[in-house]
Amino acid sequence: MLSEDGRIIRVDNPWWSFYIDTKLAPELDKHRCGKWMFFFNDIEFVEEVCREAALGKVVAECKHSSCETLAKGRRGVACFYLNMDDDEAHRRVIAFMLEQDLIRRTKSGKLFNIGFKLDDQTRAREYEAAFKAQIRLGDFIDLESGEFL
């Protein structure tokens, strides 16, 4: 349990660590749910970020790659889950990601126009060139200034 009332829990398996708001997570719809992602190498940092996102009600659920994944020399990935059509949640997650400096920038300082990925796209094995985001960071913020549109 991460919260005293037992509402926010952490669940670990050999591949992932999940941070779940047990009251809000059931609102995530299988076909509308997706994630904003970022990559990491520091497990302590990502654990704190995910804990803060869950406890701060930024997301109903998030996860990150396990210690075992990083021990194998791989880069980890973290995912913040929300429903595709929830603009308020997109803005909340993007603001959190900007505050935590989780979105990479180009050499000129412009934010990368990362995509929101539906879980249906993951289940369909849409990766890299096959992945076409329906929602992108630039739909919400100016990539040069980082200001919300």
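The side chain of Ser 65 comes within 2.9 Å of the backbone nitrogen of Val 77, in what is a predicted model. Ser 65 belongs to strand β4, which covers residues 61–65. With a relative accessible area of 4%, Ser 65 is buried, since the cut-off for that label is under 20%. Here is how that residue and the rest of the protein look.

**Around Ser 65**
- Leaving aside residues up to four places away in sequence, Ser 65 is in touch with Trp 15, Trp 16, Phe 40, Ile 43, Gly 76 and Val 77.

**Fold**
- You will find 4 helices and 7 strands in the protein, arranged along the sequence as β-β-β-α-β-α-β-α-β-α-β.
- The radius of gyration is 15 Å, close to the 15 Å given by the globule rule for 149 residues, so the protein is as compact as a globular protein of that length.
- The C-alpha trace spans about 40 × 35 × 30 Å along its principal axes.

**Packing and contacts**
- Of the 149 residues, 44% are buried, and Ser 65 is one of the buried residues.
- Among contacts with a separation of 6 or more, 62% join residues 24 or more positions apart.

**Surface and charge**
- The accessible surface comes to about 8,600 Å², and carbon and sulfur atoms account for 49% of that area.
- The protein carries 23 positive and 27 negative charges, whose mean positions lie 6 Å apart.

Technical notes
Residues numbered from 1 in each chain as written. Predicted model: local features only at pLDDT ≥ 70, side-chain atom pairs only at ≥ 80, totals over all residues. Heavy atoms only, no water. Helix = DSSP H or I, 4+ residues; strand = E, 2+ residues; numbered from the N terminus. Rg over C-alpha atoms; globule rule 2.2 N^0.38 Å. Buried < 20%, exposed > 50% of the residue type's maximum accessible area, 1.4 Å probe, protein only. Contact = heavy atoms within 4.5 Å. Areas by Shrake-Rupley, 256 points an atom, 1.4 Å probe, with all protein chains shown as cover. Lys, Arg positive; Asp, Glu negative; His and termini not counted. Charge placed at Lys NZ, Arg CZ, Asp CG, Glu CD. Polar contact = N/O pair within 3.5 Å; in protein donor to acceptor, adjacent residues only side chain to side chain.
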